[in-house]
Amino acid sequence: MQDASGRLLRDLRISVTDRCNFRCTYCMPKHIFHSHYRFIPRSDLLSFEEVARVAGLFAALGVRKIRITGGEPLVRRDVERLVAMLAKVEGIDDISLTTNGSLLTREKARTLRDAGLRRLNVSLDALDDETFHAINDVSLPVSRVLDAIDNAAAAGLSPVKVNMVVKAGLNEGDIVPMARQFRETPHIVRFIEFMDVGCTNGWRMDDVVPAREIVARIHKEFPLRPVDPNYPGEVARRWRYLDGGGEIGVIASVTEPFCGGCGRARLSASGSLYTCLFATGGHDLRAMLRSGGSDTEILDCLRAIWSRRTDRYSEIRGEQTDRPLSRVEMSHIGG
């Protein structure tokens, strides 16, 4: 199924909760979320059965990959049960999950793998505890996240993609140490430009460390060469160490937009469908699910939404940044 720009629908990101045990400054800054934000009532969350039904409908329209997100998805009780349900959806051949790692014990990782999870992304924005705490605003040691990555590998969820959001003046000094930490391992660090998702993270262009600078810093220490994407529309630009020490990825949504290849839809925990990470509004699927809408009716709705899709925010960001927009928060729809 193609949108108005000819982009095929291939990926579905599913948020299972808007709650998180971190308060990262680029996603859920504590001073905003403690004073103004009301979390989604549990009765308004989609049930696992409802999520699985929607996933099956998306699979019928061409979706092949699903990523489970949040908030922090592991705070949703028994999320492995959802993984098992999604693994049975005909047409879905890849299920991944993004986590901050704080709750990923060895037993949890093994349970997720046995349920059908195939890949894992773990967020880690710094290697020293002081900087790590400054970003996530909780007292959790970096070693806890490193243990989570080891737990994932032990469960067979390797290579792990380690996501680092880079913000100028905060953690840019950890770029090379992060590359060094995961060189000569199966894992792949993905350096992500600080993005203006939502309206609460105080984003400024001056806070962005451009992808080309990230690559240059690492290349100076560990020479790199570019490599081809694994598949059309892959968001991370891939770079491999010349000495064979592995690879990194760089996600440059701000300085090198990739809207033209985006085939991702996003389902919020409360059942709203968003067609862009930077969307200003969603489409309520929960009402259709709970009012007895048939599969045919919901499929027709999904076709209509995607076929009209024209989103390309990152390509027109320069035209938008001077005007405040009420964009959906990352904690609603994941990354």
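Tutor: Let's start with D94. Leaving aside neighbours within four places in sequence, D94 is in contact with R64, K65, I66, R118 and R119. Keep in mind that this is a predicted model.

Student: Where is D94 placed?

Tutor: D94 sits in strand β3, which covers residues 94–99.

Student: Is D94 buried or exposed?

Tutor: Buried. The relative accessible area of D94 is 12%, and the cut-off for buried is under 20%.

Student: What separates the C-alpha atoms of D94 and A269?

Tutor: They are separated by 20 Å. Along the chain, D94 and A269 are 175 residues apart.

Student: Switching to helices. How are two packed helices described?

Tutor: By the angle between their axes and the distance between those axes.

Student: OK, take α3 and α4. At roughly what angle do their axes cross?

Tutor: Roughly 20°, and the axes come within 8 Å. Helix α3 is residues 79–87 and helix α4 is residues 106–115.

Student: Are α3 and α4 roughly parallel or roughly antiparallel?

Tutor: Roughly parallel. Angles under 35 degrees count that way, so the crossing of α3 and α4 gets that label. The crossing is right-handed.

Student: Which residues make the contact?

Tutor: From α3, they are V79, E80, V83, A84 and A87. From α4, they are K108, T111, L112 and A115.

Student: And by class, what does the contact of α3 with α4 have?

Tutor: Six nonpolar residues, one polar and two charged.

Student: What about α2 and α10? Roughly what angle there?

Tutor: Roughly 60°, with the axes of α2 and α10 coming within 10 Å. That makes α2 oblique to α10.

Student: Is the crossing of α2 and α10 right-handed or left-handed?

Tutor: Right-handed.

Student: Which residues make that contact?

Tutor: Helix α2 gives R53, L57, F58 and A60. Helix α10 gives D295, I298, L299 and L302. By class, the contact of α2 with α10 divides into six nonpolar, no polar and two charged residues.

Student: What does D295 form with R53?

Tutor: A salt bridge. The closest N and O atoms of D295 and R53 are 2.9 Å apart. The pair links distant parts of the chain, with D295 in helix α10 and R53 in helix α2, 242 residues apart.

Student: How accessible are D295 and R53?

Tutor: D295 counts as partly exposed, at 38% relative accessibility. R53 counts as partly exposed too, at 28%.

Student: How many salt bridges does a search of the whole structure find?

Tutor: The search finds 20. One of them joins R286 and D44, with the closest N and O atoms 4.0 Å apart.

Student: Where do R286 and D44 lie?

Tutor: R286 lies in helix α9, residues 286–290. D44 is in the loop between α1 (30–33) and α2 (48–60). So the pair ties together parts that are 242 residues apart in sequence. D44 is partly exposed, with a relative accessible area of 25%.

Student: And what about E221 and R180? How do their side chains meet?

Tutor: In a salt bridge, at 3.2 Å from N to O. E221 is in helix α8 (residues 211–221) and R180 is in helix α7 (residues 175–182). The two are 41 residues apart.

Student: What is the relative accessible area of E221, and of R180?

Tutor: For E221 it is 42%, which is partly exposed. R180 has 42% and is partly exposed as well.

Student: Which residues do salt bridges that share partners join into one network?

Tutor: D3, R7, R309 and D311.

Student: Back to helix α2. What does E50 touch?

Tutor: E50 lies in helix α2. Not counting residues up to four places away in sequence, E50 touches L45, L289 and R290. E50 is buried, with a relative accessible area of 15%.

Student: Last one. Where is G156 found?

Tutor: In the loop between α6 (142–154) and β5 (161–166). G156 is partly exposed, with a relative accessible area of 39%. Its C-alpha atom and that of R238 are separated by 23 Å. G156 and R238 are 82 residues apart along the chain.

Conventions:
Residues are numbered from 1 along each chain as its sequence is written. This is a predicted model: local features need pLDDT of at least 70, side-chain atom pairs count only at pLDDT 80 or more; totals for chains, interfaces and linings use all residues. Side-chain values use heavy atoms; hydrogens and water are left out. Axes are lines fitted to C-alpha atoms, for helices over the stretch in contact, and angles run from 0 to 180 degrees between N-to-C directions. Helices (H or I, at least four residues) and strands (E, at least two) are DSSP runs, numbered from the N terminus. Angles under 35 degrees count as roughly parallel, over 145 as roughly antiparallel, 65 to 115 as roughly perpendicular and the rest as oblique. A crossing is left-handed if the near helix is turned anticlockwise from the far one by less than a right angle, and right-handed if clockwise. Contact means heavy atoms within 4.5 Å. Ala, Val, Leu, Ile, Met, Phe, Trp, Tyr, Cys and Pro count as nonpolar, Asp, Glu, Lys and Arg as charged, and the others, Gly among them, as polar. Buried means under 20% relative accessible area, exposed over 50%, partly exposed in between (1.4 Å probe, protein chains only).
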